[in-house]
Amino acid sequence: MPERSSPADVRAARERLLAAGAPLRRRPRRERVQVLGRVLERFRAPESPERQRLERELPEATGFSSATVREGLARALAPFSAAALEALVERELDALGKRRVAVGFEATAVLLGGAVPTPTLPALAGPLALGSPVLARSSSHDPVTARVFAAALAAEDAELGAALALVSFPSDDDLALGELLATPCVVAFGSDETMAAVGARLGPTQRFVRHGHRLSLAVLGEEARGGKDLADAAAALALDVALWDQQGCLSPVAVYVLGVERVPDELVEALAAGFAEAARRWPRGRVLSDATARFAVERDTAQLRAAAGADVRVVAGRGFVLVAEPDAAFRGSPLQRFVRVHPAPSAERLLEAVAPLGPHLAAVGVAGLGPLAGRLEPELAALGASRICPLGALQAPPLDWAHDQLGVLLPLARLADIEG
Amino acid sequence: MDRDAIERELLAWMRDEPGRRDDARFEHLALALFAFQFRANAPYGRFCAARGATPDRVGSWREIPAVPTGAFKELPLRCFPAERSVHVFRTSGTALARRGELALDTLELYEASLAPSFESFLLPDLAPGERLPMLVLAPAPAEAPDSSLSHMFGVMLERRGAPGSGWFVREGRLDTDALLEAARGAATSTSKLLLCGTAFAFVHWLETLEGRERLSLPAGTRVMETGGFKGRARELPRERLYAWIHDRLGVPPERCVNQYGMTELASQFYDSVLREPGGRRRKLAPAWTRVLLVEPESGKEVREGEVGAIRIVDLANTGSVLAIATADLGRRVGDGFEVLGREAGAEARGCSIAADEMLRA
């Protein structure tokens, strides 16, 4: 891949891929899936060259600390197994039966985004599993992962390797983007503004699978409010926040403590201890100065509110900030390991407070909900969360996670019913 | 020195010699105002005390603790009882986002501060008292009474606006047809013209002109735009906006002025291009303000040429807080500064959504 692809480079790559599509589609799906499964297994193996290369190159490329990259990869790649891929295919495609078929598009464009490396793997593997060649634009914040995936794929199977092309160009190169988007199926990761801009350039017959920016929350129930359970929950929350420096859509930005009118002091102290330990084990990485400025403004605002007499407690540690809020009203976070802790006297109050976040909600990590789980979890799903999981597991979604409520493979396929 | 005395001296400065930069006078007034606000603005006083910054310990305006802009959304940062407020300006907001508020118990100083800068940076070629048509791409104050931008345009339109001036955002929408009609009229009837409004309103207008109309506005036309594009479907670098304005309106980039201001401040900062034609574009501060560029986490000043977060000390903020910390980045340029966009080349680093973006959605 050239450092910067010209519009002509992108067009040539697209045309090459369209030619590569026919033999790819002729191969049995089972074969394609087996190849992709072997590629995923390479990434899962801690000693593999692929994993070693990611661990070596990602810190410099993404700005995350080495320890964060190592831990983040270990946790996020563990569920990405060959067996999980086969199970995903069985669940989403085989289960359609003989009457309905799912076919990949002639080509799929994938606009990767952000520095979090792990979503890249399913994003590239999904269309290929369906027999659709992939033209992918690497993220400027992570030019490494897609490259390593492409090399591993080519090493496993030349034909599949030839069905993946990587291009790289700045986001304001309209001509190159236009060439990329001239594919029948487009998958994009990025901000809501990016989604709107890409969507506006697509025709009515093009498939557009959008993964805009989202956020996640944590909920601590009564059974996680004291003793060892609290310490465990604090460590789990700190891990979920520390990995990828809170940049991922699965990173919690706020914690709701159920059943209290005021966040207990001992809970704030336990969380602070968990965050401090996480900062020691997985130090925060490089922070761009505009993000540092937003972080400082939010921290100082919280300190001013505290000084002014509001019941706000601020723990400003090395590389993290915790703010215990007086109420359930959501206030957001500048990210970079900045978490607000809110009291939620009742489940109803919690749901009311987070309801406006619904369209942007990715996941909710929970701990100690006890019998309330059966009631609360469906309500959170109804609000918009596409994943509810134990705290500490947020950064390790299963391969078949219904990302953005969409599923994994079906949105990338054309479906046809054969009624004869 | 009480607040009345401080304001009297400031008004004299703004009236008699608004262009004179006087460091000793600034220092003296800044420390006096800090001492007053420390006493009269209880939340601010406690914030400063918690940092050990009391009037007896603060020896320079550089040491005055700055309040983050976000605090105006959280607390009533005023030095007078609420019932004495005569006007409240508010930041924009959404269902989730609180709106920042600047309460004023007098508009005299506020208006005295805005006028000299506006005139000096946008109307330097006009004789005292000379008027020109002003086409405003923003709502009139009656429609947006809590908009500080509309208020500023209202004050200046009254003082310097000639017949043919008008407001072109009505009921929340830019009236592009009426604006085009007014601009066409001005193109044939006047030699000097001011187009002013939000950058986003200009983009909207230019989009409607694209492929349809190319105006050739008089050589004495100037454009003033303000505000950014965050949260809009379309982000446009300033250079491209100015090139577009040149292409569609016939106003060259050297006659386009960006204003940097915010609801929380009484004073504004303008590009130098009209006042110093041919000089390097930079923002110059009114004499009663100072701009610091600091490391966000530590608050220490950055070295010459380095990027830092913008911190402003504005003596015209007598009734609230004089020192404001922003999340905007800037760099010192000679005797002025430039405001930078997001980190160079920065797309979002992750797929999570930061507070300000979330709250705008």
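Start by selecting chain B, where you'll find nine helices and 15 strands. Bear in mind as you click around that this is a predicted model.

**Stop one: chain B as a whole**

Along its principal axes the trace spans about 65 × 55 × 40 Å. How does the radius of gyration of chain B sit with that of a compact globule? A compact globule of 361 residues would come out near 21 Å, and chain B has 20 Å, so the two agree. Colour by burial and 46% of the 361 residues of chain B count as buried. Now think about contacts in chain B with a separation of 6 or more: 67% of them join residues 24 or more positions apart.

**Stop two: helix 1 and helix 2 of chain B**

Next, select residues 3-16 of chain B, which form helix 1, together with residues 23-40, which form helix 2. Their axes come within 10 Å and cross at roughly 150°. That angle makes helix 1 of chain B roughly antiparallel to helix 2 of chain B, because anything over 145 degrees counts that way. The crossing of these two helices is left-handed.

From helix 1 of chain B you have R3(B), I6(B), E9(B) and L10(B). Facing them from helix 2 of chain B are L29(B), A32(B), L33(B) and F36(B). By type, the residues of this contact divide into six nonpolar, two charged and no polar.

**Stop three: helix 1 and helix 4 of chain B**

For the contact, pick out E7(B), L10(B), L11(B), M14(B) and R15(B) on the helix 1 side of chain B. They meet L109(B), A112(B), S113(B) and P116(B) in helix 4 of chain B. This set divides into six nonpolar, one polar and two charged. L10(B) deserves a click of its own: it takes part in the contact with helix 2 of chain B and also in the one with helix 4 of chain B.

**Stop four: E7(B)**

Now centre on E7(B), which sits in helix 1 of chain B. Is E7(B) buried or exposed? It counts as buried, because it has 20 C-beta neighbours inside 10 Å. Leaving aside residues up to four places away in sequence, E7(B) touches L109(B) and T318(B).

**Last stop: chain A**

Finally, switch to chain A, which has 15 helices and 14 strands. Its C-alpha trace spans about 65 × 50 × 45 Å along the principal axes. With 420 residues, a compact globule would have a radius of gyration near 22 Å, and chain A has 22 Å, so it agrees. Colour by burial again: buried residues make up 52% of the 420 in chain A. Among contacts in chain A with a separation of 6 or more, residues 24 or more positions apart account for 76%.

How values were computed:
Residues numbered from 1 in each chain as written. Chains lettered and ligands numbered in written order. Predicted model: local features only at pLDDT ≥ 70, side-chain atom pairs only at ≥ 80, totals over all residues. Helix = DSSP H or I, 4+ residues; strand = E, 2+ residues; numbered from the N terminus. Rg over C-alpha atoms; globule rule 2.2 N^0.38 Å. Buried ≥ 20, exposed ≤ 12 C-beta atoms within 10 Å, placed from the backbone. Contact = placed C-beta atoms within 7 Å. Axes fitted to C-alpha atoms, helices over the stretch in contact; angles between N-to-C directions. Parallel < 35°, antiparallel > 145°, perpendicular 65-115°, else oblique. Left-handed = near helix turned anticlockwise from the far one by under 90°. Nonpolar A, V, L, I, M, F, W, Y, C, P; charged D, E, K, R; others polar.
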